Amino acid sequence: MTVGGKGHICFANGEEILFKDFFKTNFAKFCVFASKFISDQFVCEDIVQDSFLKVWESGENMFDAELSLVAFMYKTIRNKSLNHIKHVKIEEKYSEDFLQEVESEEYLLSSVVNEETNYLLYKAIKTLSPQCGQVIKLHLKGLKNKEIAEDLNLSVATVKSHKMVAYKQLREELSEVFAVVTALIIMDL
Amino acid sequence: MELLKRHIKIARLIFKQRFSDLEKDDNAQIDAWLEEKEENRNVYQKIKEVEYSDLKHRYEGIDVDKNWKRFESKTQSKKIRILPSLGIAASIAVIFTLSVFVYNNIYKESELITLNPKQSVRLVLGSGENIKIGDVKEGMKLASGNISVDSKENKLVYSASNGIDVIENNTLIVPRAGFYHLVLSDGTKVWLNSDTKLTYPVSFVGDKREVTLSGEAYFDVAHNKEKPFVVRTSDMDVRVLGTVFNVNTHGDNGNVFTVLVKGKVEVSKGNIPKLVLKPGQMAERFVNGVGENEFKLKEVDVSQYLAWKDGVFSFRGTSLSEILRKIERYYDVKTVYTRNIEEEYFTGDISRDKSLKSVLNVLELSTNVKFELKGKRIYIK
């Protein structure tokens, strides 16, 4: 990955994204991730900004794909967060237990899974129209088409078509996640 | 990092799984991950139970646009581009017209030269062979050393040879609108601006390190007390021990100069009294008659003279004609005056990343002059 002119990030695998897009898409997610270590929101925002800046100024680093870049961001934010905690440890009187926990690799990995998934879920629903959003929210709760239809006072056919629209939108929005088209989603499985 | 990447992948699979059925293989990946640790199963369960409204609350408390603006200003703090029309003007792009004299320079249409298409940086080897920089191969065989090329960084690196005493010179030619970075075999780093030529030995043999320069270059000289480094130019020789400085022989302002950033240098030429520079000082020699036989010492703000290396045009009370000469060289264009203009002076910084059009726009907004860009010619109206 190199940060080229006009703010493009070019990966070794040939993909290319605008730094601005990468920033805007992921900023909130990374802040919430940072908040798993630090309670002050402003400090979190600072840390995430600094981490983006590190990427911006790296220029020479080679990442093969978006995945590597995201991993790098998580790692950097976590390290900066731990540094911050260690610095203010004395004033804030963080307990030793807390420190041990947040320093562990376990904590990092489960936080990453948590935040990465949650943010995708949030984005998925946020971009949908209110009707589609409602259908999907219920689907995520585990309801079958028939149950969703009853709940929302719609026909099953309408529920299915809302789902179709939703998934089409999602595939476009989250192309890095949806590589394969599946028609199975519309049916109850 | 691999473990981390795997977990990000798992997260994305879980997301997909929540919406649809996954391919057998993907499901198997999640199952395998769940098997590994109880912690993993806990996370999985938590995700299943999350409420959208909680998520919404968490993420929407963050003002992304505001943060982006903050971030942008951090990345641009080194490159100041001010368009007076934005109203930020005053402190950075200030014009004060001192119509000292009328600048008279009218070109006839017939004298216009059609300029060459963009030329590439060239390297002349010891054998006399003149090749394009793109044709320099990794680990190329030279009589007394090795070269490696980093084409993404526009950089050429020479590595020291082992005990070979042959003196072989190479010349790097950077054309107009060019820029190049060179690392000599002793580790000295050189940045070459547009329209510059540097001749240097592949390997430094003997008790001196000597290079010859025509144009503008910024040197970060590797320290070596035993072998002083000397930059020879037609009007000024600069002798250094281990230091950082900028030499400009373009004569844009009728002068040739050296600006010292760090260390100590001595400038000399023929019978002209030598001058020793300290950091923050400039040695200047006027080459157009008056004051030609001396080096003048000046205290300067070095950043203005080094800005080009960081991709910025930096002007401090610089005349329009001098600015245009720099622009001509960097963008490889020619200025045509269709009328007499009064000399004007500028103070400001413009990022060299900008297109020529944008740069001319900035100048236009600060001045009475209008530019029209046609191909490779700038017409002054």
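These legends accompany close-up views of a predicted model.

**View 1. Helix H5 of chain A crosses helix H4 of chain B.** Two packed helices are described by the angle between their axes and the distance between the axes. Here, the axes of H5 (residues 105-126) of chain A and H4 (residues 52-60) of chain B come within 10 Å and cross at roughly 100°. That angle makes H5(A) roughly perpendicular to H4(B). On the H5(A) side, look for A:Glu115, A:Asn118, A:Tyr119, A:Leu121, A:Tyr122, A:Ile125 and A:Lys126. Their partners on H4(B) are B:Tyr52, B:Leu55, B:Lys56, B:Arg58, B:Tyr59 and B:Glu60.

**View 2. A:Ser51 sits in helix H2 of chain A.** Helix H2 covers residues 41-58. Is A:Ser51 buried or exposed? A:Ser51 has a relative accessible area of 0%, so it counts as buried. Beyond residues up to four places away in sequence, A:Ser51 touches A:Met73, A:Thr76, A:Ile77 and A:Lys80.

**View 3. A:Phe30 belongs to the largest nonpolar core.** In soluble globular proteins, nonpolar side chains tend to be buried together. The largest such core in this model has 73 residues, and those with the most contacts inside it are A:Phe30, A:Phe52 and B:Phe19. H5(A) gives the largest share of this core, 11 residues. Apart from its neighbours within four places in sequence, A:Phe30 is in contact with A:Phe22, A:Val48, A:Phe52, A:Val70, A:Met73, A:Tyr74 and A:Ile77.

Technical notes:
Residues are numbered from 1 along each chain as its sequence is written. Chains are lettered from A and ligands numbered from 1 in the order in which they are written. This is a predicted model: local features need pLDDT of at least 70, side-chain atom pairs count only at pLDDT 80 or more; totals for chains, interfaces and linings use all residues. Side-chain values use heavy atoms; hydrogens and water are left out. Axes are lines fitted to C-alpha atoms, for helices over the stretch in contact, and angles run from 0 to 180 degrees between N-to-C directions. Helices (H or I, at least four residues) and strands (E, at least two) are DSSP runs, numbered from the N terminus. Angles under 35 degrees count as roughly parallel, over 145 as roughly antiparallel, 65 to 115 as roughly perpendicular and the rest as oblique. Contact means heavy atoms within 4.5 Å. Buried means under 20% relative accessible area, exposed over 50%, partly exposed in between (1.4 Å probe, protein chains only). A nonpolar core is a set of buried Ala, Val, Leu, Ile, Met, Phe, Trp, Tyr and Cys residues joined through side-chain atoms within 4.5 Å.
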